[in-house]
Amino acid sequence: MQNKTGTLFLTFLKIGAFSFGGGYAMIPVIREEIVNRHQWLSDEDMLEMIAVAESTPGPIAINAATFVGYRVNGFWGAFASTLGVVLPSFAIIYLLSFVLEKFKSFKPVAYAFTGIRAGILVLIFRGLVSMYKQSEKSLLFWILAPSAFLLSVFTGLNTVWILIFCALVGMIFTVIRMNKESKS
Amino acid sequence: MILLQLFLTFFKIGLFTFGGGYAMLPLIEKEVIAHSWMTMEELIDFIAVSESTPGPFAVNISTYIGTHTAGLPGALFATCGVVLPSFIIILIVAGLFKKFRDHPAVKGVMNGLKPAVVGLIASALLSLVLAVFAPDGLSSVNVFSESFLRSFVIFLIIFLLNLKKVKPVHLILISAALGILCGYLLEAL
């Protein structure tokens, strides 16, 4: 058992250190290591992992690591996997944070960041477009997405309240619709 | 006090983030600006740094803000804060997920949150666009100024490259190179 926890830690340490671009980029690497190499989980478990990671709060990468660790080796498995996936980012950013601001006062670096600021907008736009494409374009979508946008831009309303409001509307809408469907 | 504030703020961010990628951005932007932990410009720069280093954005930004505000203890408190909600919730859900998944209330909450996240990211993007193109407010934008034209040209080039499906890290490197090129070019003129 000790061995499994250790292997989970090292596996997720590797995943944390070498996966660029966040949660979704990690999924193929997790599959390769956990399903193909160690055969601790099945492909079906992986689909469940993705569904759980997406439908619970928190970063996808953390959710996935905790889920896989728990399924393979209980609480300590979850702990080791989560620690493993967090540690590389933590160490790299911690060290980087001492030099980043000094680094930015070099002229070429300052110029580079003027370019990067314009470029990064495109990346966020790309993320937005891919989320839009993945969304189911239901009536609820066309009510809530613009409402959330307008509330956030034009009122000082806290983002958390906007999320809670949309979750409640979604819940009421879905429960009513499912009741209607089960009656008819 | 500052440690507790970092922990609680990032706990809230972890608890109310749904979905991958930039789903976390709207909350981060509001909280970080409200606490004056970073300026909008520093936040945009850090998104670029985060894209170019491994690991989840959530961990990167919590570590960075934690270190900046309160050193290593700050980094630890902020990162634990952002990780803990996921960790606790997954431990609870991992055993029970199959029963919960098809419950109408659970489905309904997700049906409501998914569109909300799309709308909120659009709003966060709008504030970042304003921070880049109109740093001193909309009324004082000069579209013929050097800085506006430079940002606009680089934005356009990266936008076109993005349509060609160039990788994110490469897009950042290209925009950095364009920034350096434009900087020295404008200096020489």
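**Contact between chains A and B**

In the predicted model, the contact between the two chains draws on 85 residues of chain A and 87 residues of chain B. On the side of chain A that touches chain B, at least two residues each are supplied by α1 (2-18), α2 (23-37), α3 (43-55), α4 (60-104), α5 (107-134), α6 (139-154) and α7 (159-183) of chain A. Classified by residue type, this side of chain A comprises 57 nonpolar, 23 polar and five charged residues.

The largest nonpolar core contains 107 residues, of which A64(A) and I121(B) touch the most other members. When residues up to four places away in sequence are not counted, the contacts of I121(B) are with L128(A) and M131(A) in chain A and with Y22(B), A23(B), L25(B) and P26(B) in chain B.

Within chain B, helix packing was examined for helix α1 (residues 2-15) and helix α4 (residues 57-94), whose axes come within 7 Å and cross at roughly 35°. The crossing of α1(B) with α4(B) is right-handed. Among the residues of this contact, 19 are nonpolar and seven are polar, while no charged residue takes part.

Chain A is divided into two domains, domain 1 spanning 2-101 and domain 2 spanning 136-184. Taken over C-alpha atoms, the centres of domain 1 and domain 2 of chain A are separated by 31 Å.

Methods: Residues numbered from 1 in each chain as written. Chains lettered and ligands numbered in written order. Predicted model: local features only at pLDDT ≥ 70, side-chain atom pairs only at ≥ 80, totals over all residues. Axes fitted to C-alpha atoms, helices over the stretch in contact; angles between N-to-C directions. Helix = DSSP H or I, 4+ residues; strand = E, 2+ residues; numbered from the N terminus. Left-handed = near helix turned anticlockwise from the far one by under 90°. Nonpolar A, V, L, I, M, F, W, Y, C, P; charged D, E, K, R; others polar. Contact = placed C-beta atoms within 7 Å. Core = buried A, V, L, I, M, F, W, Y, C linked by C-beta atoms within 7 Å. Buried ≥ 20, exposed ≤ 12 C-beta atoms within 10 Å, placed from the backbone. Domains from an automatic or database assignment.
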